[in-house]
Amino acid sequence: MSAIAFSPTIGPVFIDCVISERPESMLEITEIPVESGVRITDHAVVAPKRVTLDIANHNAAESFRALVEFQERREPFTLVTGLSVFNSMLIKSISTE
């Protein structure tokens, strides 16, 4: 039997509940235009991984402030989710409803 572990923290902030998790893996494909108007592809680069989490915490205001402070320190962290382990992550965006 295997187990999937989820880290209940983002940096120093404890997360009560992850409502949804949306990881994204993209490949950036270069295009070079030529005289005839056709584009030639000659290279591809793996883009940094992105993960969007919808979370809920019992003290939303305090959690929001702590996440913003952690984001402003720009400290890379490891995010462990049910799908994968994401290394060297940074918080790009925080929004609330």
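Student: Quick one to start: are Phe 70 and Phe 77 buried or exposed?

Tutor: Phe 70 and Phe 77 are both buried. Keep in mind that this is a predicted model.

Student: OK. And how many aromatic pairs does the count come to?

Tutor: The count comes to 1 aromatic pair. It is made by Phe 70 and Phe 77, with ring centres 5.4 Å apart and planes at 55 degrees, so the pair is tilted.

Student: Why those two values, the distance and the angle?

Tutor: Because a pair of aromatic rings is described by the distance of the centres and the angle of the planes.

Student: Let's zoom out. How many helices and strands does the protein chain have?

Tutor: The protein chain has 1 helix and 10 strands. In sequence order the pattern runs β-β-β-β-β-β-β-β-α-β-β.

Student: And is the chain spread out or a compact globule?

Tutor: Spread out: the radius of gyration is 18 Å, well over the 13 Å that the globule rule gives for 97 residues, so the protein chain is more spread out than a compact globule. The C-alpha trace spans about 60 × 40 × 25 Å along its principal axes.

Student: What share of the residues is buried?

Tutor: Buried residues are 15% of the 97 in the protein chain. Phe 70 and Phe 77, from your opening question, are both buried.

Student: What about contacts between residues at least 24 apart?

Tutor: If you take contacts in the protein chain between residues at least 6 apart in sequence, 55% of them join residues at least 24 apart.

Student: New topic, pockets. How much space lies in the largest pocket?

Tutor: About 1100 Å³. The largest pocket has a lining of 28 residues, and nearest its centre you'll find Thr 52, Leu 53, Ile 91, Ser 93 and Ile 94.

Student: Which element gives the most to that lining?

Tutor: That's β8, with 7 residues. The elements that each supply at least two residues of the lining are β8 (50-56), α1 (60-73), β9 (77-80) and β10 (85-89).

Student: And how does the lining split by class?

Tutor: The lining of the largest pocket has 16 nonpolar residues, 7 polar and 5 charged.

Student: Where is Arg 74 found?

Tutor: Arg 74 is in the loop between α1 and β9. Its relative accessibility is 64%, so Arg 74 counts as exposed.

Student: What about phi of Ser 88?

Tutor: Ser 88 isn't a glycine either, and its phi is positive, at about 55 degrees. Ser 88 is in strand β10. With 61% relative accessibility, Ser 88 counts as exposed.

Student: And Asn 87, where is its place?

Tutor: Asn 87 is in strand β10. Its relative accessibility is 53%, so Asn 87 counts as exposed, given that the cut-off for exposed is over 50%.

Student: Which residues does Asn 87 touch, not counting those up to four places away in sequence?

Tutor: Asn 87 touches Phe 77 and Thr 78. That brings us back to the tilted pair, where Phe 77 has its ring centre 5.4 Å from that of Phe 70.

Student: Last one: how far apart are Asn 87 and Lys 49?

Tutor: Asn 87 and Lys 49 are 9.1 Å apart in space, C-alpha to C-alpha, and 38 residues apart in sequence.

Terms used. Residues are numbered from 1 along each chain as its sequence is written. This is a predicted model: local features need pLDDT of at least 70, side-chain atom pairs count only at pLDDT 80 or more; totals for chains, interfaces and linings use all residues. Side-chain values use heavy atoms; hydrogens and water are left out. On a 1 Å grid over the protein atoms alone, a cavity is a set of points where a 1.4 Å probe fits but cannot get out, and a pocket is an open set with protein on both sides within 12 Å along at least five of seven lines; lining residues have an atom within 4 Å of a point. Grid points are joined across faces, edges and corners, and a volume is the space filled by probe spheres set on the points. Helices (H or I, at least four residues) and strands (E, at least two) are DSSP runs, numbered from the N terminus. Ala, Val, Leu, Ile, Met, Phe, Trp, Tyr, Cys and Pro count as nonpolar, Asp, Glu, Lys and Arg as charged, and the others, Gly among them, as polar. Rings of Phe, Tyr and Trp (its six-membered ring) pair if their centres lie within 6.5 Å; planes under 30 degrees apart count as stacked, over 60 as edge-to-face and the rest as tilted. Buried means under 20% relative accessible area, exposed over 50%, partly exposed in between (1.4 Å probe, protein chains only). The radius of gyration is taken over C-alpha atoms; the globule rule is 2.2 Å times the number of residues to the power 0.38. Contact means heavy atoms within 4.5 Å.
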